[in-house]
Amino acid sequence: MKQAYNYFLALAASLLLAGCGSGEGEIYYDGYYYNYEPAFLEFSSPSRTQILEGESVYVQVKVLDGYLEEDEGITLYLNGNPIRKEKYAPFEWNASDQPDNQLDNLPIGTHILTAESRSEGYYIETFIFIEVVPNSSQPNGFQSWSNPFTWGGSIPGNGADVTIAAGKTVLLDQNIQVRNLTVEGTLVCANKDLVIDAEQIIVRGQMRCGTPQEPFNHNLRVALNGPFNIVANGSLELNNNIQQSWSGLRESVNSGVSQILSANATSWKVGDRIVIGNHNGSQSEQRTIVAINGSAITLDSPLANSYIGQQTQADNFARVGLLTRDIIIEGKSFSTNANLSIQSGGKAYLSGIEFYRLGETATALSTINWTFGNIAGQYFSNNSISDSQNGCLTLRSSINALITDNVCTYTTGTPLILDDISEQENLSEQNLFNRQ
């Protein structure tokens with residue numbers, strides 16, 4: 001009877017697809033009407049069709065709009081070769097409690113995953129293509145954040161406390177919202193736009209998004225609800241494309257105008273935030289670029305003040321600073337009191353970053369606090385700091401710091417603080433500091 005029933009189930013599926021049958025999902029056989037609900041299979045993981053070389057592939061298949069008969073199960077194939085049959089839900093392969101080595105270290109190229117379920121007279125299947133691409137820019141042995149296998153079977157949920165253990169390298173390939181993120185091992189940004197939402201990030205190992213040789217050519221937004229720290233032996237490496245950080249105002253302008261001429265702003269674009277300030281930094285105002293044509297920049301609203309250009313004054317001319325960067329670290333509100341603290345033993349390589357709404361009023365901490373030791377080779381370059389609740393950058397007992405081509409504006413404290421008589425051999429040049 002089961003054989004005949006399954007045969008007519010398969011026949012029913014054909015009739016339904018052809019628009020036949022006595023009713024929706026119903027056939028008549030041997031004096032009885034049978035309800036038929038065709039099942040469909042769908043891959044819920046992997047959710048990405050492109051996999052980086054060396055990445056483990058976790059597979060999960062869902063049954064939609066129907067059911068499978070008991071013990072039918074689902075068989076997974078890789079490039080036509082069976083991996084194994086999973087009899088009961090959840091239908092998953094290469095999970096933390098049951099690894100499938102065939103899904104690890106797939107060679108570069110295109111692969112096909114096929115899931116099928118069959119019994120007597122009954123057959124359904126689905127498939128997806130995945131492409132394994134070279135991973136030359138990433139470290140060997142990394143694991144993707146989006147892969148449940150990385151976390152023992154379950155990706156950390158919103159508001160979770162997450163620790164990346166020492167010796168472990170995780171590729172951040174999705175947006176995340178966590179409470180406390182502690183990096184004891186290594187966290188590397190994938191080559192895509194990303195958002196990190198956290199109350200606190202502590203880096204004791206390494207966090208890297210781009211290098212000077214291979215900058216991070218995407219958007220990264222780090223939204224903070226509390227202090228952002230690098231503690232002892234931590235390394236923070238954030239490098240975006242280097243742009244013209246600031247330029248002189250080429251010609252004088254009067255209040256009420258909405259177009260200025262910049263001496264050098266070839267890399268700036270529509271939508272960028274800029275600041276225009278006089279030569280001593282005592283007067284400035286922020287605007288957004290709505291059009292740009294060579295050196296001519298059109299602003300979103302007229303200027304409230306007049307400014308002197310280079311053609312009028314060789315030295316005391318106004319400056320125009322670029323605030324927008326593709327990497328932004330920001331406090332969620334002005335009351336966040338977040339800051340970046342590079343502590344003893346820590347390392348920082350920071351270029352092309354926008355720091356916005358940071359700094360602490362209660363503890364008088366600047367947006368960036370760089371403390372203790374010889375930090376030769378490290379740098380803070382081509383960044384912008386704006387709307388800070390305190391100063392921009394504080395050096396404490398630091399030796400050989402390199403601070404170049406930065407813009408700091410709209411702060412309530414001293415822009416650059418040397419906080420200890422032991423600081424020496426620190427180089428600060430070509431920075432634009434103004435207060436409002």
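Which residue forms a salt bridge with Arg273, and how far apart are the closest N and O atoms? The close-up views below start there. This is a predicted model, in which local features need pLDDT of at least 70 and side-chain atom pairs count only at pLDDT 80 or more, while totals for chains, interfaces and linings use all residues. Residues are numbered from 1 along each chain as its sequence is written, and side-chain values use heavy atoms, with hydrogens and water left out.

**View 1. Glu354 and Arg273 form a salt bridge.** The partner of Arg273 is Glu354, and the closest N and O atoms are 2.7 Å apart. (A salt bridge is a side-chain nitrogen of Lys or Arg within 4 Å of a carboxyl oxygen of Asp or Glu.) Glu354 belongs to strand 31 (residues 353–356) and Arg273 to strand 24 (residues 273–277), so this pair ties together parts that are 81 residues apart in sequence. (Strands are DSSP runs of E, at least two residues, numbered from the N terminus.) Both Glu354 and Arg273 are buried. (Buried means under 20% relative accessible area, exposed over 50%, and partly exposed in between, with a 1.4 Å probe and protein chains only.)

**View 2. Lys269 pairs with Asp272 in a salt bridge.** Here the closest N and O atoms lie 3.5 Å apart. Lys269 is partly exposed, because its relative accessibility is 39%. Asp272 has a relative accessible area of 2%, so this residue counts as buried.

View 3. Arg84 and Glu86 are both buried. Across the whole structure, a search finds nine salt bridges.

**View 4. Thr186 sits in strand 15 (residues 186–189).** Thr186 counts as buried because its relative accessibility is 16%. Leaving aside residues up to four places away in sequence, Thr186 touches Ile164, Lys168, Thr169, Val170 and Gln206. (Contact means heavy atoms within 4.5 Å.)

**View 5. The second largest pocket has a volume of about 200 Å³.** Of its 12 lining residues, Arg48, Gln50, Leu52, Ala190 and Lys192 are the closest to the centre. (On a 1 Å grid over the protein atoms alone, a pocket is an open set of points where a 1.4 Å probe fits, with protein on both sides within 12 Å along at least five of seven lines; lining residues have an atom within 4 Å of a point. The volume is the space filled by probe spheres set on the points.)

Note on methods. Helices (H or I, at least four residues) and strands (E, at least two) are DSSP runs, numbered from the N terminus.
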